[in-house]
Amino acid sequence: MNEFHLPGCLMIEEGACERLNEILSDCIPKIEKKKSVIATEEALVPIMKPYLDEMKRDLPKSEIYLIEENSFDEAMELAKHICMEDVEVIIGMGGGKVLDVAKYAGFVGKIPYICVPTTLSNDSLSSPVAVLGTEGDARKTLKCAIPAGIVVDVNVIMGAPVSHLQSGIGDTISKYTALCDWKLDAARRKDRVDDFSYLLSDMAFSSLCYNEEKSLKSKEFIKILTQSLVLGGLAMEIAGNSRPCSGSEHLFCHSLEENYKEIQISHGMAVALGSLVSCRLQGRDAARLEAVLRAYGMDMDPMNWGITKEIFTDAWLRAADTRKDRYTVLNETTLTKELFDGIYEELRADR
């Protein structure tokens with residue numbers, strides 16, 4: 001069995017940032033006496049100023065460190081700072097860029113990392129991986145430790161852009177096809193599916209897809225989405241890999257990112273689109289997914305994202321090459337231009 005760890009604290013409530021120092025003290029004993037770094041980005045400083053000021057007051061040995069880009073080099077610079085300055089705790093406050101850099105830097109520096117997200121665009125807030133830029137537009141998924149604590153202020157998330165929340169929905173939706181690919185892999189290669197990881201990932205999908213709250217800006221929805229994303233990250237930690245949350249739909253997303261860098265579509269929207277295709281390849285009915293995506297106003301017409309039929313088909317034909325070690329439905333399907341051209345037309349006709 002894979003050895004795993006769970007966050008020491010998980011807080012999802014309204015006004016959590018108003019008592020952030022109290023929560024942090026429960027998570028990291030005597031944090032007020034420890035040297036800490038609060039990693040954020042410049043654009044968030046005026047927005048989060050009341051909370052940052054309070055943290056600086058109650059954590060006298062803390063400093064604010066501004067993240068400029070989501071890159072491996074940036075993470076290593078922060079890790080170097082942690083090591084050279086004997087920092088004992090790192091707190092990431094921001095979106096995916098800040099959280100991934102802070103998470104990986106804390107992992108390299110071997111110190112506890114506390115996650116305080118200001119938006120919900122994917123399940124990285126609790127996952128054991130960080131996605132960082134390498135050279136040019138290339139990105140790499142790197143293993144690291146999950147947060148020691150996660151603090152989500154529902155009121156703060158209410159101010160996040162709708163597109164970010166839709167991306168978080170897309171990342172959750174994709175678990176439907178990822179789990180099917182995982183079971184297929186286990187059956188073909190005589191591996192085993194971790195039942196508890198599978199359950200958590202399935203719960204993440206079901207709790208979002210079968211809830212009745214469809215307003216993206218309702219507090220109840222924010223809580224449900226947060227719980228779903230956290231469950232997905234924990235499923236990966238327990239499994240020891242990303243199989244509970246990543247299958248053929250993610251390979252399509254990786255193919256777009258690697259081969260068509262000009263396409264401006266978020267990770268969550270790309271994997272949601274990928275799931276609609278993977279469903280068809282798996283011989284499953286995509287109606288439930290389509291209904292959920294429509295309910296949250298998510299545009300699944302590939303053309304509206306600049307994905308032409310040629311790009312769509314080529315990205316799928318090259319998808320399996322992005323992770324040759326990953327067995328999915330793509331390994332059991334005769335992949336042809338005609339197949340994906342036809343699916344593309346179906347997707348466009350469904351809009």
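Q: Where in this predicted model is Phe 107 found?
A: Phe 107 sits in helix α4.

Q: Why is Phe 107 called partly exposed?
A: Its relative accessible area is 38%. Buried means under 20% and exposed over 50%, so Phe 107, at 38%, counts as partly exposed.

Q: Why is Lys 110 called exposed?
A: The cut-off for exposed is over 50%; Lys 110 has 76% relative accessibility, so Lys 110 counts as exposed. Lys 110 lies in the loop between α4 and β5 (113-117).

Q: What makes the phi of Lys 110 worth noting?
A: Phi of Lys 110 is near 60°, a positive value in a residue other than glycine. Most residues other than glycine have a negative phi.

Q: How do you know that Asp 86 is exposed?
A: Asp 86 has a relative accessible area of 57%. Exposed means over 50%, therefore Asp 86 is exposed. Asp 86 is placed in the loop between α3 and β4 (89-94), and has a positive phi of about 55° although it is not a glycine.

Notes: Residues are numbered from 1 along each chain as its sequence is written. This is a predicted model: local features need pLDDT of at least 70, side-chain atom pairs count only at pLDDT 80 or more; totals for chains, interfaces and linings use all residues. Side-chain values use heavy atoms; hydrogens and water are left out. Helices (H or I, at least four residues) and strands (E, at least two) are DSSP runs, numbered from the N terminus. Buried means under 20% relative accessible area, exposed over 50%, partly exposed in between (1.4 Å probe, protein chains only).
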